[in-house]
Amino acid sequence: MSNLLKNKYVIAGASFLLAILIVVVFMPRNNNKKEKVIKLKADTSVNTLISEDDIEETEMYAEDIPASALKTKEEAVGKYTKTAVYKDDCLTNEKVSAAPSDYGLYDLKAYEYALSVDASSLINSVAGKVLAGDVVTLNYYDSKSNPPRVVSSGNLEVLSVSNSKGTEVTRDMVEEDDKVPAVVTLKVNPAQSIQLVEYNGLYGAPYICFVARGENAANIIKAIDEDNAGKYGSGQ
């Protein structure tokens with residue numbers, strides 16, 4: 001009797017495992033429905049600007065696709081990775097952002113400083129449209145000069161844009177009030193850090209002039225970095 005019961009348990013267990021195997025292997029997966037998603041072609045580090053060359057469209061079973069998956073190239077190109085993303089990972093809204101996260105603040109070299117300027121006036125700050133990763137120039141109006149003149153900072157990289165709550169401003173924000181900037185933080189070299197403090201003391205808040213975004217900004221930033229490295233990088 002004991003052996004008979006054991007045999008029954010064995011047979012029942014085997015039947016259960018066989019049923020699971022049949023369901024997994026032979027049952028149709030969501031009627032074999034597949035949808036296109038966007039994946040990266042190679043491993044990518046955090047805060048990387050995604051270009052069309054970095055991504056590819058591929059098909060996945062609908063039931064395996066994350067709810068927030070990106071399904072068109074337009075949703076991915078021009079965004080930044082918020083985390084490290086690996087080859088063949090499905091891109092999702094949680095993995096990308098319109099602007100880099102804590103962009104550049106932890107990568108400053110010994111001769112690079114972060115300097116903040118007042119951006120609370122929409123008139124002075126391109127209507128609050130500036131984002132981290134952009135290139136801007138600061139123009140100051142010198143009314144005391146005869147005749148009055150405008151002094152400029154030259155091209156500068158935007159490290160972050162913060163609202164009055166101290167929260168970084170991005171295009172992904174839902175509340176419109178949160179998108180209004182109060183401070184723009186810029187990457188400057190030693191000479192610019194002194195010059196801009198003097199300008200702010202003499203002329204007040206600057207007019208922030210938009211120069212470039214995306215790949216155009218990346219090319220300008222590369223040239224700025226190379227120039228600063230040539231001037232200040234020796235021996236650092």
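**Note on the predicted model: surface patch, sheet and salt bridges**

1. I123, Y141, V150 and Y207 together make a nonpolar patch on the surface, with about 460 Å² of accessible area between them. Patches are built from residues with over 30% relative accessible area and no salt bridge, like charges being joined within 9 Å and nonpolar side chains (Val, Leu, Ile, Met, Phe, Trp, Tyr) within 5 Å; the areas come from the Shrake-Rupley method with a 1.4 Å probe, and for residues only the protein chains shown count as cover.

2. The model is predicted, and local features need pLDDT of at least 70, side-chain atom pairs count only at pLDDT 80 or more, while totals for chains, interfaces and linings use all residues. Residues are numbered from 1 along each chain as its sequence is written, and side-chain values use heavy atoms, with hydrogens and water left out.

3. I123 is exposed, its relative accessible area being 71%, on a scale where buried means under 20%, exposed over 50% and partly exposed in between (1.4 Å probe, protein chains only).

4. Five strands form an open sheet in the order 5-8-7-6-9, with antiparallel pairing; two strands are taken to pair if DSSP finds at least two bridges between them. Strand 5 (113-118) and strand 9 (207-212) stand at the edges with a single partner strand each, so one side of each is left without a neighbour in the sheet. From one strand to the next the twist averages 45°, with axes as lines fitted to C-alpha atoms (for helices over the stretch in contact) and angles running from 0 to 180 degrees between N-to-C directions.

5. Inside this sheet, strand 6 (residues 135-142) and strand 7 (residues 149-162) pair in the antiparallel sense over seven bridges, and Y140 stands opposite V151 in strand 7. Helix 3 (residues 190-203) packs on the sheet, touching strand 5, strand 6, strand 7 and strand 8 (183-188), and its direction makes about 110° with that of strand 7; contact here means heavy atoms within 4.5 Å. Helix 4 (residues 214-232) also packs on the sheet, where it touches strand 6, strand 7, strand 8 and strand 9, its direction making about 110° with that of strand 7.

6. The count of salt bridges comes to ten, each being a side-chain nitrogen of Lys or Arg within 4 Å of a carboxyl oxygen of Asp or Glu. D142 forms one with R149, the closest N and O atoms being 2.9 Å apart; D142 is buried at a relative accessible area of 6%, whereas R149 is partly exposed at 41%. Salt bridges that share partners also join E112, E157, K187 and D225 into one network.

7. Another salt bridge links the side chains of E57 and K36 (3.9 Å, N to O). E57 lies in strand 2 (residues 55-61) and K36 in strand 1 (residues 34-40), so the pair ties together parts that are 21 residues apart in sequence. E57 is partly exposed, with a relative accessible area of 40%, and K36 is partly exposed at 46%.

8. A last point concerns S97, which belongs to strand 4 (residues 96-97) and is buried, with a relative accessible area of 7%. The C-alpha atoms of S97 and Y80 are separated by 5.2 Å, although the two residues are 17 residues apart along the chain.

Terms used. Helix = DSSP H or I, 4+ residues; strand = E, 2+ residues; numbered from the N terminus.
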